Amino acid sequence: MEVKLWNDKREREMYDNFAELYAIIKATEKLERGYVRDIISSSQYETECQKLIAHFKTLASTFKDTVPSIERFADTYKMDCPAAINRLVTSGVPATVEHRAAAAASSTTSAAVVAECVQNFITAMDSLKLNMVAVDQVHPLLSDLSASLNKLSILPPDFEGKTRMKEWILRLSKMGAADELTEQQARQLHFDLESSYNSFMAALPSAGT
């Protein structure tokens, strides 16, 4: 006899999201343990961890009312995944990023600011993927990103991410709040964000020099 968990399409979608969240937490726990045991390389870990964090943030934002606490969700489904909860909920960035940030830390450069930049980059890119292209949606995200980048003294004034975000913010300020980016503009902005993010990550290892 088939037992249905849902009564309508909305409930089915909710359970599908629960299943996906469960899978993300489990995968992150396995990835964290693999990294600690040196089973995978730092570059492999970072790439996969960034994907999982991005997917988690996107998914969690869609049902924050249904699942107000990820920790409670993990307890409810008897998930013993402390490393995943720490990475996804508490930290929000891969361990490798934390390590590089700590190495680069100085009186004006802290791991927290680097983590803030990473989160702002990921949030902005995820929002575009979710088709959040209205000016009043995009502008605050780019402003937050620009502000966090400006906090880092290790980045030169002409750093790619700073100049590109400044150009986009200026462009958006000339548009109306309800105006939307065209498909071509959104694609270009996502490309600029991704390129700037890669340049940002590359700049971290040499921060102490």
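Predicted model: local features only at pLDDT ≥ 70, side-chain atom pairs only at ≥ 80, totals over all residues.
Let's start with H1, which covers residues 9-36. This helix has 28 residues and reaches 41 Å from its first C-alpha to its last, close to the 40 Å expected at 1.5 Å a residue. After H1 comes Asp38, with a positive phi near 65 degrees.

Next, please find H6, residues 111-129, and H9, residues 183-203. Their axes come within 10 Å and cross at roughly 160 degrees. Angles over 145 count as roughly antiparallel, so that is how H6 and H9 run relative to each other. Their crossing is left-handed. On the H6 side, the contact includes Val114, Val118, Phe121 and Met125; H9 brings Leu189, Leu193, Tyr197 and Phe200, among others. By class, that contact has 13 nonpolar, 2 polar and 2 charged residues.

Now for the other pair: H2, residues 42-62, and H4, residues 82-91. Here too the axes come within 10 Å, and the crossing angle is roughly 60 degrees, which makes H2 oblique to H4. The crossing is right-handed. Tyr45, Cys49, Leu52, Ile53 and Phe56 of H2 meet Arg87, Leu88 and Val89 of H4. That contact divides into 7 nonpolar residues, no polar ones and 1 charged.

How values were computed
Residues numbered from 1 in each chain as written. Heavy atoms only, no water. Helix = DSSP H or I, 4+ residues; strand = E, 2+ residues; numbered from the N terminus. Expected span 1.5 Å × (residues − 1). Axes fitted to C-alpha atoms, helices over the stretch in contact; angles between N-to-C directions. Parallel < 35°, antiparallel > 145°, perpendicular 65-115°, else oblique. Left-handed = near helix turned anticlockwise from the far one by under 90°. Contact = heavy atoms within 4.5 Å. Nonpolar A, V, L, I, M, F, W, Y, C, P; charged D, E, K, R; others polar.
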